[in-house]
Amino acid sequence: MAEESGYESIVCVKPEVHVYRIPPRATNRGYRAADWKLDEPSWSGRMKIIAKDKVCFIRLEDKNSGELFAQATVDTYPGVAVEAVTDSSRYFVVRIQDDTGRHAFIGLGFADRGDSFDFNVALQDHFKWVKQEGELAKQEASQSTAPKLDLGFKEGQTIKICIGNIKKKDGGAAKSRPMAGGLLPPPPGSKGGSILPPSGDQPSAPDEQTNTASSLLDFIAPVPAAQPTPDLWGDFTAAGSSSSQDTVKSGWVQF
């Protein structure tokens, strides 16, 4: 019977299982379900797997009343308490035990393969968890017995950190922008030729205006003086020639 103290959890419930009387094992190879009378089960009812601490209990109960028929205590799996048959995945040999300590081996069968799979996995998962808990307990025990490493600073203790020269990556020389405000090249056919780009020393604003004016004067030829003619447009020609001469003398070109 399960102990009265401790926390219990139901890990698997199957509403229908069958119990069979099995003959003694003939050889050491294992049990065979074909040797049982599978069409005549000795008992049918409900099965529960209850986990408590490191042990599992397989309870066989009546479907309607819940009365206990038999119980098996499983402390290891696979082991002596639960053993699979050699010729089927739906049948197992279970060792049941009463309160007085007497035990017997019975055949346990499931109608569906899915139910037998769940039964097998529930036992495997429980004892896998038991194994992991044991390994963690061993690690904690070994850590508690080992001397603790004290990495704290003692009173008056200091630490010195030397950092080497950190070389910054050269970002590359900045590209120089072209100087704005340069003179435009002269139009084709001018006498002055090509104008050189401005040098590093920028000339002052008055020099630029003087060079511009001189280049324009070279480009435009002086207008010849018109000769007086006896035609009807003489007065207009004289007026035009006089204005052109005044423009040339003053040094500016009028458009």
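**Figure 1. Surroundings of Arg59 in the predicted model.** Leaving aside residues up to four places away in sequence, Arg59 touches Arg46, Met47, Lys48, Ile50, Leu68, Ala70 and Gln71. This view, like those that follow, is taken from a predicted model. Arg59 belongs to strand S3, which covers residues 55-61. Its relative accessibility is 17%, so Arg59 counts as buried, the limit for that class being under 20%.

**Figure 2. A network of salt bridges around Glu61.** Salt bridges link Arg46, Lys48, Arg59 and Glu61 in a network. Side chains of opposite charge can pair when their charged atoms come close. The relative accessibility of Glu61 is 5%, whereas Arg46, at 21%, counts as partly exposed.

**Figure 3. The salt bridge between Arg25 and Glu83.** The whole structure contains 8 salt bridges, and one of them joins Arg25 to Glu83, with 2.9 Å between the closest N and O atoms. Arg25 is found in the loop between strand S1 (8-20) and strand S2 (43-52), while Glu83 is in strand S5 (residues 82-84), so the pair ties together parts that are 58 residues apart in sequence. Both partners fall into the partly exposed class: Arg25 has a relative accessibility of 34%, and Glu83 has one of 26%.

**Figure 4. Helix H1 and its N-terminal cap.** H1 consists of 33 residues and reaches 49 Å from its first C-alpha to its last, close to the 48 Å expected at 1.5 Å a residue. The N-terminal end of the helix is capped by Asp112, which has a side-chain oxygen 2.9 Å from the backbone nitrogen of Gly114. The buried residues of H1 are Asp115, Ser116, Phe119, Ala122, Leu123, His126, Phe127 and Val130. An α-helix has 3.6 residues a turn, so residues three or four places apart point the same way.

**Figure 5. A nonpolar patch on the surface.** Phe153, Ile159, Ile161 and Ile163 make a nonpolar surface patch of about 530 Å². Ile163 lies in the loop between helix H1 (113-145) and helix H2 (205-219). With a relative accessible area of 69%, Ile163 is exposed.

**Figure 6. The whole protein, for orientation.** The secondary structure comprises 3 helices and 7 strands, and the elements run β-β-β-β-β-β-β-α-α-α from the N terminus on. Of the 255 residues in the protein, 21% are buried. The accessible surface comes to about 20000 Å², and carbon and sulfur atoms account for 55% of that surface. When contacts between residues at least 6 apart in sequence are considered, 54% of them join residues at least 24 apart.

Methods. Residues numbered from 1 in each chain as written. Predicted model: local features only at pLDDT ≥ 70, side-chain atom pairs only at ≥ 80, totals over all residues. Heavy atoms only, no water. Patch = residues over 30% accessible without salt bridge, like charges linked within 9 Å, V, L, I, M, F, W, Y side chains within 5 Å. Areas by Shrake-Rupley, 256 points an atom, 1.4 Å probe, with all protein chains shown as cover. Salt bridge = Lys/Arg side-chain N within 4 Å of Asp/Glu carboxyl O. Helix = DSSP H or I, 4+ residues; strand = E, 2+ residues; numbered from the N terminus. Buried < 20%, exposed > 50% of the residue type's maximum accessible area, 1.4 Å probe, protein only. Contact = heavy atoms within 4.5 Å. Expected span 1.5 Å × (residues − 1). Polar contact = N/O pair within 3.5 Å; in protein donor to acceptor, adjacent residues only side chain to side chain.
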